[in-house]
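I opened a new notebook page for this structure.

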Amino acid sequence: MKILVINAGSSSLKYQLIDMETEHVIAKGICESVGTPDKSCISYTHYVDGKEVKVKDELVPMADHTAAFNEVKAALTEGDSKVIEDLSEIAAVGHRVVQGGNLFNKSVLIDQSVLDGIQSLCDLAPLHNAAHLQGMKASIALFGPDVPQVAVFDNAFHSTMPPEAYMFALPYEYYEKYGVRKYGFHGTSHRFVSALCAETMGKPIEDLKIITCHLGNGSSLAAVKYGKVVDTSMGLTPLDGEVMGTRCGAIDASAVLYIMKKEHKTPEEMDTLLNKKSGVFGVSGLSFDDRDIKKAAAEGNDRAKLARDMQIYRIIKHIGSYVAAMDGVDAIVFTGGIGENADDMRATVCDKLSYLGIEIDKPFNATLVKGKGGEISTKNSKVRVFVLPTNEELLIARDTRDIVNSLKK
């Protein structure tokens, strides 16, 4: 069974074609600058002995996601990048959806009611959900009604949080009227690595207390107790929680109001400041890329060092709070672009958690970069610590396969 995994952004279309018999990525790529025809392009990587195959050197006008899907079809079935004879070889399409709100707590087969539900949640994630809908409609138009399409929701894994964890201490009417509460995100990643952690430990996830740290340009932590999330760091939107590449993370709401008044900023301008001009980039004034920040800090840039120190401090605080929330912890997992590659950050975080009895093998920890995973804790460590590469696309493909197979019963 071959499954196409789609992540449609407001101006992009990422795709992976996966052979579910072996879980091998046959091909993947991205259409960029969709909706800006004079800048549109498609890159394509074909995995045959590590060889990259470029689909086209020139820009390809893509006015919308339908046009982008047609380029994906051509990339998969034509020319040097061809990997299948016809689209009929694709059994199903799995779509990543950021916001499922209170409506969706698991992956679902897409029908009109699901499309309507995702549409109704656009106010909670205007850029993401609207783009996902465009991608779904374009995919349905391309493949026709006989090819199953599945929606996999970013926040679904976090739907097990209890009310005391997900509610905000605002007038209750805003929860009732607008659904204002913590939802959490990166759920596919947290679900994937927590399950992989349990498998690696050789224990049922129902017996474990795990803290998963998805660290990247966007970062979040989750407390997974006996297979269910009891808390996570992102909130109503992906802005809350950790200090991220360009997002501020948790902040006193009064600071937002104060700046708005002083700078005479509109809500839209403040949204841009908090989401795109803050975080590591805002503090350092240099970059949102951890590699740049690490290099600058090593060269004596105090603001770069401060930005990284703030990230580490926030991670340590959240881990400590989740140990308290779960009344203990059996394992901690690092994943995501930074979590999988910043070995020095992992080591610093673990050093600051010595009260938990954590001890890591620092030389071995330093070797786990660029997709390498393993256990970095020593035999004497009271808490096991892992670096586990995430694979959100594979989880989406697995959910899609399972739903398709259930239709045959």
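**Entry 1: a pair within one helix**

By about how many helical turns are Asp-309 and Lys-305 separated in helix H11? I noted first that the model is predicted. Then I looked up the two positions. Asp-309 and Lys-305 are four residues apart in helix H11, so about one helical turn separates them. Their side chains meet in a salt bridge, at 2.8 Å from N to O. Next I checked accessibility. Asp-309 is partly exposed, at 36% relative accessibility. Lys-305 is partly exposed too, at 44%.

I stayed with helix H11, which covers residues 302-326. Which side chain meets that of Arg-308 in a salt bridge? I found Asp-290, with 2.9 Å from N to O. This pair links distant parts of the chain, since Arg-308 sits in helix H11 and Asp-290 in helix H10, 18 residues apart. Are the two partners buried or exposed? Arg-308 has 7% relative accessibility, which is under 20%, so I counted Arg-308 as buried. Asp-290 is buried as well, with a relative accessible area of 11%.

**Entry 2: the second largest pocket**

Asp-290 came up again when I turned to the second largest pocket. I noted about 340 Å³ of space there. The lining has 14 residues. Asp-289, Asp-290, Arg-291, Gly-337 and Asn-341 lie nearest the centre of the pocket. Which elements give two or more residues to this lining? They are helix H10 (290-298) and helix H12 (336-339). H10 gives the most, with three residues. I also sorted the lining by residue class: seven charged, four nonpolar and three polar.

**Entry 3: further along the chain**

I then looked up Lys-362. Lys-362 forms a salt bridge with Asp-351, and their closest N and O atoms are 2.9 Å apart. This pair also links distant parts of the chain. Lys-362 is partly exposed at 41% relative accessibility. Asp-351 is partly exposed, also at 41%.

**Entry 4: a network and a total**

Which residues do salt bridges with shared partners join into one network? I wrote down Glu-23, Arg-398, Arg-401 and Asp-402. Last, I looked up how many salt bridges the structure holds. The count is 17.

How values were computed:
Residues numbered from 1 in each chain as written. Predicted model: local features only at pLDDT ≥ 70, side-chain atom pairs only at ≥ 80, totals over all residues. Heavy atoms only, no water. 1 Å grid on protein atoms, 1.4 Å probe; cavity = no way out; pocket = protein on both sides within 12 Å on 5 of 7 lines; lining within 4 Å. Points joined across faces, edges and corners; volume = space filled by probe spheres on them. Nonpolar A, V, L, I, M, F, W, Y, C, P; charged D, E, K, R; others polar. Salt bridge = Lys/Arg side-chain N within 4 Å of Asp/Glu carboxyl O. Buried < 20%, exposed > 50% of the residue type's maximum accessible area, 1.4 Å probe, protein only.
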